[in-house]
Amino acid sequence: MMRRMLIAALLTGAGGVDMSLATRRRFFGRAATAAATAAATPSFAAKTYVSGKNPDGPREKGDTKGTKKDGSYLQCLAGCAARCEKASGQGRRQLTRGECLNLCRDECCATYEQCTYTIPGV
């Protein structure tokens, strides 16, 4: 069924082109090969997630990207906590640094590890 639709679409795209028998055979042979290849090859590779394991394999030593020690994540937390502490004193109850860090974690986290770990001292 899909093969017929593919061939029909290719033929309508060819329009008024005069195709000899040899050209049609070559055309249909290539179209069939392309359809078979497309059907056999997945467009994406599925990742297998196992609890507590990185689906991309082990990290290189010293690679902190996406972890709670990621530099950009820590900078975001520090800046957000400072803004939170400054803003909380203006007509509102003064929030502690720990409370601000908990509020800012949701704003700054990008990975599961960053969003779920417990900030010490809170």
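Modeller: A disulfide is taken here as a pair of cysteine sulfur atoms within 2.5 Å. The model under discussion is a predicted one.

Colleague: What is the handedness of the link of C80 and C104?

Modeller: A disulfide joins C80 to C104, with an S to S distance of 2.1 Å. The pair connects distant parts of the chain, C80 lying in helix 3 and C104 in helix 4, 24 residues apart. With -80 degrees about the S-S bond, the link of C80 and C104 is left-handed.

Colleague: Is C108, the partner of C76 in a disulfide, buried or exposed?

Modeller: The sulfur atoms of C76 and C108 are 2.1 Å apart. This pair also links distant parts of the chain, from C76 in helix 3 to C108 in helix 4, 32 residues apart. C76 has a relative accessibility of 27% and therefore counts as partly exposed. C108 has 10% relative accessibility, so C108 counts as buried.

Colleague: What handedness does the disulfide of C109 and C115 have?

Modeller: C109 and C115 are joined with an S to S distance of 1.9 Å. C109 has a relative accessible area of 17% and is therefore buried, while C115, at 30% relative accessibility, counts as partly exposed. The torsion about their S-S bond is about 90 degrees, so the disulfide is right-handed.

Colleague: Which pattern do the disulfides of the protein follow?

Modeller: A search of the whole structure finds 4 disulfides. With bonded cysteines counted along the chain, the pattern is 1-6, 2-5, 3-4, 7-8.

Colleague: How far apart are the end C-alpha atoms of helix 4?

Modeller: Helix 4 comprises 12 residues, residues 97–108.

Colleague: Within what arc do the buried residues of helix 4 fall?

Modeller: G98, C100, L101, C104, R105 and C108 are the buried residues of helix 4. They line one face of the helix, because seen down its axis they fall within an arc of 145 degrees.

Colleague: Which element has the highest mean pLDDT?

Modeller: The mean pLDDT of the protein is 74, and 57% of its residues reach 70 or more. Among the elements, helix 1 (residues 2–14) has the lowest mean, 61. The highest mean, 88, belongs to helix 3 (residues 71–88).

Definitions and conventions. Residues numbered from 1 in each chain as written. Predicted model: local features only at pLDDT ≥ 70, side-chain atom pairs only at ≥ 80, totals over all residues. Heavy atoms only, no water. Helix = DSSP H or I, 4+ residues; strand = E, 2+ residues; numbered from the N terminus. Expected span 1.5 Å × (residues − 1). Buried < 20%, exposed > 50% of the residue type's maximum accessible area, 1.4 Å probe, protein only. Arc of directions from axis to C-beta. pLDDT = per-residue confidence, 0-100.
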